[in-house]
Amino acid sequence: MHNPRAQEGTSLQFQPPLEEQNYGAAAAHGRQGPVVSVPRKSPAKRDYLIAAVLCYTNLINFMDWFLVPGILFDIQKYFRLSDGDTGLLQTVFILCYMLAAPVFGYLGDRYNRKIILGAGIFFWSGVTLSSSFISELYYWIFFLSRGLVGIGTASYSTIAPTIIADLFEEGKRTTMLSVFYIFIPVGSGLGYVLAAGMAGLTGDWHWAFRITPCMGGLALVLLILLVPHRTQRRTAAHRALSISGTIQVAAEKPGVLRTAKTTWCQDVISLAKNWSFVWSSLGLTAMAFVTGALGMWVPLFLYRAQLAQGTVSPCLQETCNSSNSLIFGGITVGTGMLGVIAGAEAARRLRKINNKADPLICATSMFISALCLYVALMVAKTSILSTFILIAFGELFLSVNWAVVTDILLYVVTPRRQSTAIALQILVSHLLGDAGSPYLIGIISNAIQTKNDCSSQWSFRSMQYSFVVCAFVGVFGGAFFLLTSLYIEEDRKEAEQL
């Protein structure tokens, strides 16, 4: 059967603001005729296939994010880096990622999204493979390669969620976005497992960077073959379907003028006045700060805790025991999947009885997560098992928020600004969140170590004291989501009317 989405051209051409492609341009306004009710259309099988390809690529995306933390101690020894310099590795990655995100958001609102995605996958996979051949004399090239990978992955993280949002209505959209965002923690955890596993299997950590490029090549082939060149962009009428169950289409009269396409600056100003978007983005920033620091340092922190307890010996060989990375990777996969599913289900049920359910769920989970992480830090010196369990609960409650926060954005921001909104949210959350948190933890740890004797005890305590910052940031994140709940009903109604 002929698919209307397969009609988009292969060239990277500007898409005119047609009525059926009302994204990045204002909807038709002016005098409107009678409202016509159009029956609900179920998603086609191909829509699910497209979503599956995007989910698989998201898996690879986040595996590449967390290859470095999975073998962090090996890389630190190989390039002879301090804690501060080691934290800077992830900071370079995130900074390049967030600076590229607004650019790709602008392009995603106006140009062919399939070509942008394909180019990004090819670029970041190639750079990841190339980084596996860098010698210890050129550590700065390794830093540069991580920044380039960040630029490539920004193209995907900014645009892919908007395609899924365009394919499905609100009920299905939340479910499919939940599935898509499950692959954030799953990919993150598998990144640890892959990196640690390949380093242990081959005795050379460089092999950790030679697997995901092959997976990226397969993703690129699937994108080319299965994802159509045109994915019909969500319109105001489509949004009406997701809320009321039928599309309320205004029958236009001849000669009615449409409003002009808005500029990027106008979009940004409008988003800055959307308080639900602002506060939820700051809440997401707190989440990013905590997850960035945990993701970078937890395996090394646990290793230092074991050294302080005397349960392991100092690692002097090239490839060290990677059991902490493997366990933490498994915890990240399990808690991530369970958290995203639980968050989506809780949101689906509680929305029926409370219109403010989404931000309240996010606030509650942030407060609980902060408590679990703080207690985990305090018991690490005496019980590694208890630390693992508490970190697992902390990650579980953090994962509850991923799909819920994105869905908040999609219903409080008008469709024509969604790619720009996602790009700005990425920029803010990473600039103030995980772009700096790994480096901040590293330099605080360095500062504490320099003021005390060089021992395994202070090596552990320096990182323990540094990590306390994350618990307090988590509390601030919960407060930001509480503020979101004060504005969300008003902002949602306003978005529905645009």
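I began my notebook at Phe 209, which counts as buried because its relative accessibility is 0% (buried is under 20% relative accessible area, exposed over 50%, partly exposed in between, with a 1.4 Å probe and protein chains only).

A note on the source: this is a predicted model, where local features need pLDDT of at least 70, side-chain atom pairs count only at pLDDT 80 or more, and totals for chains, interfaces and linings use all residues. Residues are numbered from 1 along each chain as its sequence is written, and side-chain values use heavy atoms, without hydrogens and water.

Next I looked up ring pairs. Rings of Phe, Tyr and Trp (its six-membered ring) pair if their centres lie within 6.5 Å; planes under 30 degrees apart are stacked, over 60 edge-to-face, the rest tilted. I found 23 aromatic pairs by this rule. In one of them, Phe 142 and Trp 205 are edge-to-face, because their planes stand at 85°, with centres 5.9 Å apart. Phe 142 is in helix 6 (residues 139-167) and Trp 205 in the loop between helix 7 (170-202) and helix 8 (212-226), so this pair ties together parts 63 residues apart in sequence (helices are DSSP runs of H or I, at least four residues, numbered from the N terminus).

Are these two buried or exposed? Phe 142 counts as buried at 1% relative accessibility, and Trp 205 counts as buried at 0%.

Back to Phe 209: I saw that it pairs edge-to-face with Phe 142, at 5.8 Å centre to centre and 90° between the planes.

My last entry is a charge over a ring (NZ of Lys or CZ of Arg within 6 Å of the ring centre and within 35 degrees of the ring normal). Arg 210 lies over the face of Phe 133, 4.6 Å from the ring centre.

How values were computed
Helix = DSSP H or I, 4+ residues; strand = E, 2+ residues; numbered from the N terminus.
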